[in-house]
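Here is a short briefing for a first look at this protein. Please view the sequence and the structure, then read on.

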Amino acid sequence: MGDRLKYTRNIGIMAHIDAGKTTTTERILFYTGITHRIGEVHDGAAQMDWMVQEQERGITITSAATTTFWKYKGEDYKINIIDTPGHVDFTVEVERSLRVLDGAVAVFCAVSGVEPQSETVWRQADKYGVPRIAFVNKMDRVGADYFGVVSEIREKLKANPIPVQIPIGSEDAFKGVIDLMENKAVVWHDDETMGVKYSLEEIPSELADEAAEWRNKLVEAVAEKNDELLERYFENPNSITSDEMAAVIREATIDGTIVPVMCGSAYKNKGVQRLLDAIVSYLPSPLDIGAVKGIHPHTHKVITREPDVNAPLSALAFKIITDPYVGRLVYLRVYSGKLVPGKTVLNPRTGKKDRINRLYQMHANKQNPRDVIEAGDICGAVGLKDIRTGDTITDISRPISLESMTFPEPVIGVAIEPKTQADIDKLGTALNKLSEEDPTFQIKTNEDSGQTIISGMGELHLEILIDRLKREFKVECNQGQPQVAYKEALTTTVEHREVFKKQTGGHGKFADILVEIGPADEGVTGLEFVDQVKGGNIPKEYMPAIEKGFKLAMQSGPLAGFPLDSLKVVVKDGSYHPVDSDSLSFQMAADRAFRNAAPKGNPILLEPIMSAEVVTPEEYMGDVITDFNKRRGRIDGMESKAGARVIKAKVPLAENFGYVTVLRNITSGRATSSMEFSHYEPVPPDIARKVVENAKGIIKIV
């Protein structure tokens with residue numbers, strides 16, 4: 001079995017929006033024989049993009065997982081591919097896919113190079129230590145510059161890109177690649193076989209010098225990684241065989257010190273088979289990744305699980321979707337042991353047992369039922385009830401809790417209301433299903449107005465969720481203007497005594513606390529709670545209740561009811577009554593202490609600031625910058641790239657609704673922009689006053 005795992009690859013394809021990620025995945029499915037007809041993204045017929053919205057918009061919203069097979073050097077390899085979205089609003093989809101991948105293919109556009117979102121996904125892959133190979137796509141496009149992209153990967157991503165191929169021609173003349181490992185030209189024939197056939201030829205004479213130079217760089221880079229090869233390199237560089245090089249490149253790719261770079265044009269069916277060979281050659285199997293670490297849910301000691309079918313079960317739920325045919329489908333990466341239908345498993349987060357009814361191996365949105373899924377594999381499971389993204393499922397007798405995932409807080413909200421009575425009944429169920437699927441989507445009810453507010457990562461994110469409500473769940477909603485997710489913070493420390501007394505028939509309620517509340521220490525988020533009570537004036541068992549009281553109170557700040565991100569509370573003294581005091585009394589006292597003291601802590605309003613990047617033709621640069629200044633934006637820097645100017649800026653989210661439309665107008669549709677959340681910072685006082693006044697009212701719904 002361990003041997004079989006050697007032939008498994010769990011990979012993802014990651015990239016900036018429009019770099020051709022889904023097209024590349026489509027071609028992989030075609031060449032590995034899963035599909036007989038090539039689906040095109042721009043025709044809205046891509047196999048992996050099966051949601052209606054994805055086909056309409058030509059973007060991938062949900063990560064689809066699929067299993068395929070590839071023959072390399074006479075051996076059959078199984079490749080589980082996770083297709084990830086490139087749009088920044090769906091960054092959580094990328095994050096959770098990377099968490100369960102063993103390796104990734106980073107796709108770059110030969111014309112645009114390293115774009116902002118490529119940087120974001122690259123950093124996420126760094127965070128999870130995912131080995132990757134780079135594929136420079138769109139070599140057939142005007143302005144394609146392979147070596148330019150290679151140097152951008154080095155400069156912008158601080159990686160070590162090593163070309164293992166160089167292109168033969170570019171733009172219209174792109175017809176193949178030179179394989180530097182084998183020192184041969186790989187030429188594709190534009191015929192009816194859709195690029196299935198290619199031939200190995202001698203390197204064209206006009207490229208011989210360039211090929212020799214790059215081959216030498218490759219051999220040198222490989223020799224540096226291995227002392228024995230280094231000695232031979234100095235004696236005779238030509239004595240190093242391609243098999244020896246491949247073994248070293250594989251090791252260096254897995255430990256993250258090399259990123260092999262390849263090129264092609266997925267749309268024109270060139271380069272994809274060689275990419276599959278490289279996935280198998282250089283990216284790790286579950287055995288190369290080794291044991292997964294976790295903690296024992298009871299003893300909290302660090303324990304490991306080997307990728308072995310005989311080890312106790314451990315698996316991570318990395319995605320949950322509501323499937324129209326099978327209901328709630330949970331995507332699982334099995335790290336150790338095996339899963340079989342009917343098995344009862346434990347969820348350490350809830351402490352509850354759950355039963356798996358059915359298992360499926362996935363191909364986009366089609367499910368193939370399976371009787372067993374073993375360590376190292378990815379599958380869909382039906383029957384797990386109380387499970388969330390990031391939960392572990394494990395063996396009941398030998399439990400382990402794998403590291404969960406952290407998800408960013410939503411920064412934008414919109415008020416929605418159902419159109420009819422029938423919609424009211426369906427809305428709750430639909431919203432709950434969507435929030436189960438997407439941890440960055442939150443639902444709240446505004447206590448004053450009774451309105452439902454949904455929050456997410458950006459305008460597009462909410463637009464698509466509302467669209468899904470309409471299409472999948474048949475719920476019609478009216479919506480308000482987008483609202484910014486402000487936060488509040490205290491700037492000074494206040495001391496306050498709160499005595500909570502209530503006398504009813506029988507036992508009363510009593511709690512007395514002396515607290516100091518104020519800003520948390522630098523770098524601390526959440527509640528920083530310090531107990532300084534001496535001499536048992538407040539029994540220890542009441543401390544968690546005081547902490548809980550403050551934690552709950554932080555959800556609604558003193559200015560306008562926005563949550564506080566951080567707060568420091570020091571309990572200095574207090575007293576209790578042997579009969580009337582209980583946990584609830586102390587929780588109530590904490591809540592009241594916050595309500596009474598927080599307004600005296602000079603509270604301020606914080607707003608989300610976005611990092612914006614605009615690529616615009618030179619002549620519109622002035623207009624774009626002027627517009628940023630009107631929006632309280634700060635220009636961070638400018639650079640030239642491929643005949644255009646790239647402007648980087650920080651802009652408050654509040655000033656940026658509908659920006660795409662405005663940008664289109666001022667640049668005649670020739671500029672592109674991308675935006676992602678950066679940080680929170682204080683709102684200027686005059687604007688803060690208006691926000692606080694508006695927050696008290698009901699959001700108008702059109």
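**A strand and its partners**

Ala134 has Val261 as its bridge partner in S11. The model is predicted: local features need pLDDT of at least 70, side-chain atom pairs count only at pLDDT 80 or more, and totals for chains, interfaces and linings use all residues. Residues are numbered from 1 along each chain as its sequence is written, and side-chain values use heavy atoms, with hydrogens and water left out.

**Pairing of S11**

- Strands pair if DSSP finds at least two bridges between them.
- Strand S5 (residues 132-137) pairs with S11 in the parallel sense, over three bridges.
- Strand S6 (residues 161-163) also runs parallel to S11, and three bridges join them.
- Pro163 has Val261 as its bridge partner in S11.

**Burial of S11**

- Buried means under 20% relative accessible area, with a 1.4 Å probe and protein chains only.
- Strand S11 (residues 259-263) is largely enclosed by the rest of the structure, because five of its five residues are buried.
- Val259, Val261 and Cys263 are buried on one side of S11.
- Pro260 and Met262 are buried on the other, so both faces are covered.

**The whole chain**

- The protein chain has 18 helices and 37 strands. These are DSSP runs, numbered from the N terminus: helices (H or I) have at least four residues, strands (E) at least two.
- Of its 702 residues, 54% count as buried.
- Contact means heavy atoms within 4.5 Å. Among contacts in the protein chain with a separation of 6 or more, 72% come from residues 24 or more positions apart.

Technical notes. Buried means under 20% relative accessible area, exposed over 50%, partly exposed in between (1.4 Å probe, protein chains only).
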